[in-house]
Amino acid sequence: MLVTSVTTAVCFYSNTLFFMLVVREFGVFMGTVVLMNYFHVMTILPSAMLVSDMYLVPLWKRLGSYCSEVRWRKQSGSG
């Protein structure tokens with residue numbers, strides 16, 4: 001993943017050698033976007049997955065069991 005991100009960024013940065021200003025600015029912008037995307041994928045994605053596994057999955061399991069219990073009570077007429 002590092003190699004593909006770096007080569008893509010280098011290809012976009014090579015547009016800075018073009019004579020049109022718009023193409024040069026686009027190359028700088030997109031090269032920076034590719035590198036920032038790699039940085040975010042390597043840092044934020046693993047931490048977001050960890051937070052999801054530690055906090056959100058147990059919460060959804062508890063919420064799911066609570067909702068099914070409430071639905072069962074409504075259907076049986078005891079709630």
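User: Is Phe-26 buried, partly exposed or exposed?

Analyst: Buried means under 20% relative accessible area, exposed over 50% and partly exposed in between, with a 1.4 Å probe and protein chains only. Phe-26 has a relative accessible area of 44% and is therefore partly exposed. This is a predicted model, in which local features need pLDDT of at least 70 and side-chain atom pairs count only at pLDDT 80 or more, whereas totals for chains, interfaces and linings use all residues. Residues are numbered from 1 along each chain as its sequence is written, and side-chain values use heavy atoms, with hydrogens and water left out.

User: How many aromatic pairs does the structure hold, and how is such a pair described?

Analyst: A pair of aromatic rings is described by the distance of the centres and the angle of the planes. Rings of Phe, Tyr and Trp (its six-membered ring) pair if their centres lie within 6.5 Å, and planes under 30 degrees apart count as stacked, over 60 as edge-to-face and the rest as tilted. The structure holds two aromatic pairs. One of them joins Phe-12 and Phe-26 edge-to-face, at 5.9 Å centre to centre and with 80° between the planes.

User: Where in the chain do Phe-12 and Phe-26 lie?

Analyst: Helices are DSSP runs (H or I, at least four residues), numbered from the N terminus. Phe-12 belongs to helix α1 (residues 2-13) and Phe-26 to helix α2, 14 residues apart, and the pair links distant parts of the chain. Phe-12, at 21% relative accessibility, also counts as partly exposed.

How values were computed:
Helices (H or I, at least four residues) and strands (E, at least two) are DSSP runs, numbered from the N terminus.
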